[in-house]
Amino acid sequence: MQILYGISFESWSLFLEMSPYLFLGFLIAGILHAFVPDEKVLSYLGESAGKVRSVINASIMGLPLPLCSCGVVPTALSLKKRGATKGATLSFMISTPETGVDSIAITYALLDPIMTVFRPLATLFTAIAAGIVENFSSVTEKKTHLNKPLVMMHAPAIQGCGCSCPGGACSSDINTGTVPRISAGIKYAFVDLLGDISKWLIIGTIIAGIIAYLIPEEVISSYLGGGIFSMLIMLLIGIPLYICATTSTPLAAALVAKGMSPGTAFVFLLAGPATNAATITMVMKFLGKRTAMVYVGMIAVCSIGFGLLLDFIYLGLGIRAAAIVGSGADIVPPYIQLAFALLLLPLMAYGIVRKKCNLEH
């Protein structure tokens, strides 16, 4: 009973810390959904934009978008079908699930300002590097029957996932008036998007609570305290794992608080949300085995490289990451944290129930 209470207390404390930042992140996500339609940026991702520029445009486009791992696949393949280069498609798939505004906000709340700045910058570089390597290493493609599978994949995946165009409320369908746009954006953020990740967010928070309460600090610091070996372990765990950027953050924060090096945590934060077994399979099927190798290989190389760089930054600044984890949440008074937590809980419950009903029908 004491163990259950301890885990519950740690999990609830973690949820309190991140609630205000989660709410802010979802609010900004709704605004982006309402006022930044996909159609206006498609022209920047095609062959006419060039092998490098199309990749850079796709990476920047994906950074603020709050699409999770399941939502980014049909959206990215739709971009490819509508003329985006393979490199731009790959860049979009890497940058988008990594650093939505919700995950950036929660990174600040649960980790620290250094990681909050480093995470999107390293992700942007990784996405651009992978896209450029793909575009310049690709050979002349043979004609394929790609269009038919993409059409079949695109529509049901979007409806079922609720990430890119949940409930059919794509940006092109939103009314032109300001009030209808805002209303559609709020519905997208606090019903569709929140409902899509709520289950995994709860699971991730509970696992983080288990780590915080049960796992001794010396175990984490001994095996995951830094270095190539620690990062390879996290890479092997993160690549096949299905986890979104928002869900991975509390897990990383709990591990850093127990002694994991920030660089090792970053490997998990990059490799986990950017890849999973299902996504890799889809890339192999629709973009080819060589593209899938570039996709996984560049994420592996860049995550370890940036992990080592991040550890060097903390060491050079003389900062012990475990000592400042969660410092961003200190600026929010406890009663405000509680208010946002109590506001989010029923919205999360409604979103989970609504998504389950939609899947059943």
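**Ground rules.** I number residues from 1 along each chain as its sequence is written, and side-chain values use heavy atoms, without hydrogens or water. Since the model is predicted, local features need pLDDT of at least 70 and side-chain atom pairs count only at pLDDT 80 or more, while totals for chains, interfaces and linings use all residues.

Helices here are DSSP runs of H or I, at least four residues, numbered from the N terminus. I then listed contacts (heavy atoms within 4.5 Å). Leaving out residues up to four places away in sequence, Tyr-295 touches Leu-90, Met-93, Ile-94, Ala-274, Thr-275, Thr-279, Ile-280 and Val-283.

**Asp-112.** I found Asp-112 in the loop between helix 5 (101-110) and helix 6 (113-137). Is Asp-112 buried or exposed? Buried means under 20% relative accessible area and exposed over 50% (1.4 Å probe, protein chains only), and Asp-112 counts as buried at 3%. Its C-alpha atom is 9.4 Å from that of Ala-253, 141 residues apart along the chain.

**Helix 10.** In helix 10 (residues 228-238) I noted Ser-230, Met-231, Met-234, Leu-235 and Gly-238 as buried. They sit on the same side of helix 10, because they cover an arc of only 135° around the axis, taken from the directions from the helix axis to the C-beta atoms. Phe-229 and Leu-236, on the other side, are exposed.

**Helix 2.** Seven of the 10 residues of helix 2 (residues 53-62) are buried, so the rest of the structure largely encloses it.

Technical notes:
Helix = DSSP H or I, 4+ residues; strand = E, 2+ residues; numbered from the N terminus.
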